[in-house]
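Dear colleague,

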Amino acid sequence: MQRILLVEDEDHLATALKLNLELEGFSVDVAPSGRRARELLVSPEPYDAIVLDVMLPDISGFQLCAKLREVGNFTPVLMLTARGTQEDRVLGLDSGADDYLVKPFAVTELLARLRSLLRRQSWDKKPAMASGLSFGNVVVDFDRHEVSVGGTPLRLTQLELDLLRYFAQNAGRVVGREELLEQVWKLRNYPNTRTVDNFVARLRKYFEPDAEVPRYFVSHRGSGYKFVP
Ligand code: CA
């Protein structure tokens, strides 16, 4: 049975979502605060996914998500918020969330997004997926979620790793920002491509000998990026 952690402080919404998720066969724990979520997340039983409200009484969902990624927890996160501005969506994705849903939403939409996240995660676990990559002094083991630069281990978020994997699978080809948003972030017709640029900047910072003069993650004016391992 797949386990979901639902972090939501609005009682009626938490109860309704828990019921719906349980009807779909999930096992659900509810945390009404960031503090409670963190207590549950240190328990030995890991969750398969986290549904995370942004507006919590003690800490914002953005902060909580960023914190999780920082300590190496890469459980898929579906972020919920009442605010639907572009800036919030970018903030959510930049904090390491995997997907984003704006309140009010239909439960069917939440279930569909959640299933999509869980499917992606099970693909990632398949040993048949492209499992290794090396270029320059960088060595990546996608299955083990291990990255090292010049022998020094480096922690990447799930999204950073997914982006790197997509580049690796399409090495030598120019991939557009819209394609990356659709294939890596699973966002269609997303109006803002700044998120992609931010993430590529991060990969450059990690892996380029000189991030100002990239040789591995090369920009192609107006069209996108090419990974040249
Ligand atoms: Ca809330």
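**Notes on the calcium site and the fold**

At 30% relative accessibility, aspartate 9 counts as partly exposed, where buried means under 20% relative accessible area, exposed means over 50% and partly exposed is in between, with a 1.4 Å probe and protein chains only. Please keep in mind that this is a predicted model, in which local features need pLDDT of at least 70 and side-chain atom pairs count only at pLDDT 80 or more, while totals for chains, interfaces and linings use all residues. Residues are numbered from 1 along each chain as its sequence is written, and side-chain values use heavy atoms, with hydrogens and water left out.

Aspartate 9 is also one of the protein donors of the calcium ion, which are Asp9 (OD), Asp53 (OD) and Met55 (O), at 2.1 to 2.3 Å from the ion. Donors here are N, O and S atoms within 2.8 Å of the metal, or 3.2 Å for Na, K and Ca, and since water is not among the atoms, sites may look incomplete. Written along the sequence, the spacing of the donor residues is D-x43-D-x1-M. Aspartate 9 sits in the loop between β1 (3-7) and α1 (11-23), whereas aspartate 53 belongs to strand β3 (residues 49-53), so the pair ties together parts that are 44 residues apart in sequence. Helices (H or I, at least four residues) and strands (E, at least two) are DSSP runs, numbered from the N terminus. Aspartate 53 is buried, with a relative accessible area of 1%.

Leaving out residues up to four places away in sequence, aspartate 9 touches Pro32, Asp53, Met55, Leu56 and Pro57, a contact being heavy atoms within 4.5 Å. Between the C-alpha atoms of aspartate 9 and arginine 204, which are 195 residues apart along the chain, the separation is 38 Å.

**The chain as a whole**

The chain has 8 helices and 12 strands, and its C-alpha atoms fill a box of roughly 50 × 35 × 30 Å, taken along the principal axes. For 229 residues a compact globule would have a radius of gyration near 17 Å, and the 18 Å of the chain agrees with that; the radius is taken over C-alpha atoms, and the globule rule is 2.2 Å times the number of residues to the power 0.38. Of the 229 residues, 48% count as buried. Among contacts in the chain with a separation of 6 or more, 57% come from residues 24 or more positions apart.

The chain exposes about 11,400 Å², of which carbon and sulfur atoms supply 50%, the areas coming from the Shrake-Rupley method with a 1.4 Å probe, and for residues only the protein chains shown count as cover. There are 30 positive and 32 negative side chains, and the centres of the two sets lie 4 Å apart. For that count Lys and Arg are positive and Asp and Glu negative, with His and the chain ends not counted, and the place of a charge is taken as NZ of Lys, CZ of Arg, CG of Asp or CD of Glu.

The peptide bond from lysine 103 to proline 104 is cis, with omega near -5 degrees, and proline 104 is placed in the loop between β5 (99-102) and α5 (107-125).

Within helix α5 lies leucine 110, which counts as buried at 0% relative accessibility. Not counting residues up to four places away in sequence, leucine 110 touches Leu17, Leu21, Val51, Leu78, Leu80, Leu101 and Phe105.

Arginine 120 is found in helix α5 too and is buried, with a relative accessible area of 9%. With residues up to four places away in sequence again left out, arginine 120 touches Asp98, Asp162, Val184 and Lys186. Arginine 120 and proline 76 are 44 residues apart in sequence and 9.1 Å apart in space, C-alpha to C-alpha.

**Two further residues**

Histidine 145, in the loop between β7 (138-141) and β8 (146-149), has phi near 60 degrees, a positive value in a residue other than glycine, and counts as buried at 15% relative accessibility. Glutamate 178, in helix α7 (residues 177-183), is exposed, with a relative accessible area of 54%.
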